[in-house]
Amino acid sequence: MVRMSGKRGNGEGSIYPYRNGGFAAYVWVTTPDGKRKRKYVYGKTRPEVHEKWLKLHNEAKKGPVATQHRTVATFLDYWLTSVVKPNLAPLSYVAYEGAARLYIVPRLGSKRLDKLTVRDVREWLTKLADTCQCCAQRKDANRRPERQRCCAIGECCEQYPSGRVVQIARDTLRAALSQAVVEEEIPRNVAKLVRVPKPRRRKVKAWSVGEASGFLEHAVTSDDPLYAAWVLALTLGLRRGEILGLTWESIDFDAGELYIDHQLQRAGREVLHRETKTEDSEDFLPLPELCLAALRQRRQQQQEDRKAAGELWQDVHGLIFTTRYGTPIEPGNLTRAFAVRIRQAGVRAIPLRNTRHTTGSLLVAMKVHPKVAQRILRHSKFTMTFDVYSEASDEEIREALQRLSRGFGQSSPDDAEESDEDS
């Protein structure tokens with residue numbers, strides 16, 4: 001048996017006995033903020049510490065080394081406050097903050113950032129998908145006793161997160177760890193190495209010309225104060241926030257133009273009137289007569305509302321679409337109003353966000369050139385417009401199948417009827 005001597009080996013001057021019979025060592029390193037500090041490693045035996053000491057020496061030669069490692073929770077707090085909030089859109093901050101608070105911190109928050117592994121992330125995501133969020137977030141327990149109906153009284157409602165929620169949680173952690181890699185707090189992003197199933201989105205068939213016309217006809221005959229909003233959504237493909245963010249200064253009735261540069265969004269407890277997401281979304285668009293007539297009607301309606309409200313009128317931005325008292329319309333209320341109008345009009349239900357898809361489909365049906373459609377829809381990349389044009393209509397598919405049948409020498413029922421008539 002070879003007995004370890006108490007003498008230090010060559011170059012091991014910083015390795016020394018530590019408490020409880022173990023050993024410790026340190027290396028002078030340059031921290032990410034440019035300061036020189038000692039970084040310590042520990043182990044039960046001298047060879048173990050020596051190996052860690054050598055590894056730390058190599059890290060110190062390559063670049064800055066952090067001497068104090070934060071937990072996942074403390075880094076997320078720093079990332080949200082110092083990186084996300086000042087540099088990203090308010091809605092992005094709200095989404096990241098919610099995912100961090102509700103899904104990441106409760107399970108991974110106490111782990112050291114530099115000790116987080118791929119296995120930790122994979123196990124966390126698996127557990128998240130199988131955890132009732134009503135129980136985890138104590139939603140039912142936070143209700144008044146007379147309103148408690150599930151988890152608080154021992155009846156789990158099995159409110160499991162959707163695949164989309166799991167994906168958002170992973171993407172939030174991945175974005176935060178990417179910043180940690182940039183700031184050289186960790187060597188790699190372990191969340192990038194964990195894949196989650198991509199949630200499948202249900203495709204909604206866009207409205208036909210007849211369905212869109214039927215909806216608008218019902219809205220105009222009902223004197224709907226949001227008729228102009230529906231016209232802009234279906235003819236120009238404006239998004240919900242863009243519609244609600246429009247001001248009267250955006251409209252040039254003489255030139256027949258609309259300038260899109262603002263949007264209205266709810267971010268947490270605030271409703272914000274802010275610039276559009278990208279410069280590509282900001283553009284001048286010519287207004288067809290249908291849009292101009294609808295906007296003139298809306299102007300008349302708003303003038304009547306303002307007169308009726310008197311001193312209670314509160315509009316400060318000059319918005320086109322407001323409540324009866326001039327306050328901004330909640331984005332969620334516009335979505336609900338669209339669903340109500342659909343039911344009253346008796347047309348097939350589609351989400352408000354799908355009106356943009358309807359606009360694209362109608363442009364395809366009218367044989368509008370793709371580059372013109374790109375300008376109308378304000379797509380930043382032509383590939384986005386091409387995706388719209390690549391979706392063939394039912395009529396085009398039916399016609400293609402009939403041509404294929406004729407190519408194989410088999411006539412379609414329609415062809416057979418035509419031949420009977422000829423004979």
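1. Strands S6 (residues 262–267) and S7 (residues 270–275) run antiparallel and are joined by six bridges. Strands pair if DSSP finds at least two bridges between them. Strands (E, at least two residues) and helices (H or I, at least four) are DSSP runs, numbered from the N terminus. Arg266 has Val271 of S7 as its bridge partner. Two residues lie between the strands of this hairpin, and Gly268 takes a positive phi near 70 degrees.

2. A note on the source. This is a predicted model: local features need pLDDT of at least 70, side-chain atom pairs count only at pLDDT 80 or more, and totals for chains, interfaces and linings use all residues. Residues are numbered from 1 along each chain as its sequence is written, and side-chain values use heavy atoms, with hydrogens and water left out.

3. Cys132 is buried at 6% relative accessibility, and Cys150 is buried at 8%. Buried means under 20% relative accessible area, exposed over 50%, partly exposed in between (1.4 Å probe, protein chains only).

4. Helices H7 (residues 209–221) and H11 (residues 331–345) pack at about 100 degrees, axes 9 Å apart. They are therefore roughly perpendicular (65 to 115 degrees). Phe215, His218 and Ala219 of H7 meet Phe338, Arg341, Ile342, Gln344 and Ala345 of H11, with contact meaning heavy atoms within 4.5 Å.

Terms used
Axes fitted to C-alpha atoms, helices over the stretch in contact; angles between N-to-C directions. Parallel < 35°, antiparallel > 145°, perpendicular 65-115°, else oblique.
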